[in-house]
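Please open the structure in your viewer and keep the sequence panel beside it.

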Amino acid sequence: MNQNEFVTIIQPFKDKMFRLAKRLLVSTEEAEDATQEVLVKLWNKNQELKQFNSIEAMAMTITKNYCLDQLKSKRASNLKIVHNNYTDREAGLQQRIEDQDTLSWVEKIINELPEQQKIIIQMRDIENCEFEEIATILEMNETAVRVALSRARKTIREKITNTHHYGLAKN
């Protein structure tokens, strides 16, 4: 496979790899480095790529594993998922403040989830990945992915409900 073929194959999901890396590593610079490292790894395997059913799934798996390795080696206890894609241009000031508060609570709750559930929430609810793709990347079966997603959403929903009903979060 030559360089042009490689770029043509990788280009459609390169940004998705970056977003996953950024979500896991938080830092834009670290995410860019991770994406570059994964691209180098893929290039080194370029002769074998056509054997795989889904090069994208393999690339996402390599990205996830690389980022998790980076987190373990540098700052194992500091995994953070940040969600700043939410904006509501038509809401009033009060609504925007409430939305920001809720979003910060959701972020806090997501950060408290088990690592696997964080990744599944990221991939399904933020990246809009299909269950089959998530299952392939995480090396799980689809049912397990659905169950983990359901549990993560339930935890988030319950904690947010408790926060709004009582004004204080229960830890």
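In which helix is Pro-12 found? Select Pro-12 and you will be in helix α1, where helices (H or I, at least four residues) and strands (E, at least two) are DSSP runs numbered from the N terminus. Before going further, note that this is a predicted model, in which local features need pLDDT of at least 70 and side-chain atom pairs count only at pLDDT 80 or more, while totals for chains, interfaces and linings use all residues. Residues are numbered from 1 along each chain as its sequence is written, and side-chain values use heavy atoms, with hydrogens and water left out.

Pro-12 counts as exposed because its relative accessibility is 66%; here buried means under 20% relative accessible area, exposed over 50%, and partly exposed in between, with a 1.4 Å probe and protein chains only.

**The nonpolar core**

Next, select Leu-42 and Ile-120, the residues with the most contacts inside the largest nonpolar core, which has 46 residues. A nonpolar core is a set of buried Ala, Val, Leu, Ile, Met, Phe, Trp, Tyr and Cys residues joined through side-chain atoms within 4.5 Å. Helices α1 (3-25), α2 (28-44), α3 (55-75), α4 (93-112), α5 (115-126), α6 (131-138) and α7 (142-166) each supply at least two residues of this core, and the largest share, 10 residues, comes from α3. In soluble globular proteins, nonpolar side chains tend to be buried together.

Stay with Leu-42 and display what surrounds it: not counting residues up to four places away in sequence, Leu-42 touches Phe-6, Ile-10, Leu-49, Met-58, Ala-59 and Ile-62, where contact means heavy atoms within 4.5 Å.

**Aromatic rings**

Rings of Phe, Tyr and Trp (its six-membered ring) pair if their centres lie within 6.5 Å, and planes under 30 degrees apart count as stacked, over 60 as edge-to-face and the rest as tilted. By this rule there is 1 aromatic pair. The ring centres of Phe-6 and Trp-43 are 5.1 Å apart and their planes stand at 75°, so the pair is edge-to-face. The pair links distant parts of the chain, with Phe-6 in helix α1 and Trp-43 in helix α2, 37 residues apart. Phe-6 is buried at 8% relative accessibility, whereas Trp-43, at 34%, is partly exposed.

Which charged residues sit over the ring of Phe-131? Select Arg-124, whose charged end sits 4.1 Å from the ring centre, and then Arg-146, which lies over the face of Phe-131 at 3.9 Å from that centre. A charge sits over a ring if NZ of Lys or CZ of Arg is within 6 Å of the ring centre and within 35 degrees of the ring normal.

Select Glu-127, in the loop between α5 and α6; Glu-127 counts as buried because its relative accessibility is 11%. Leaving aside neighbours within four places in sequence, Glu-127 is in contact with Lys-16, Arg-19, Leu-20 and Gln-122.

Finally, move to Gln-117 in helix α5, which is buried at 13% relative accessibility. Not counting residues up to four places away in sequence, Gln-117 touches Ala-148, Arg-151 and Ala-152.
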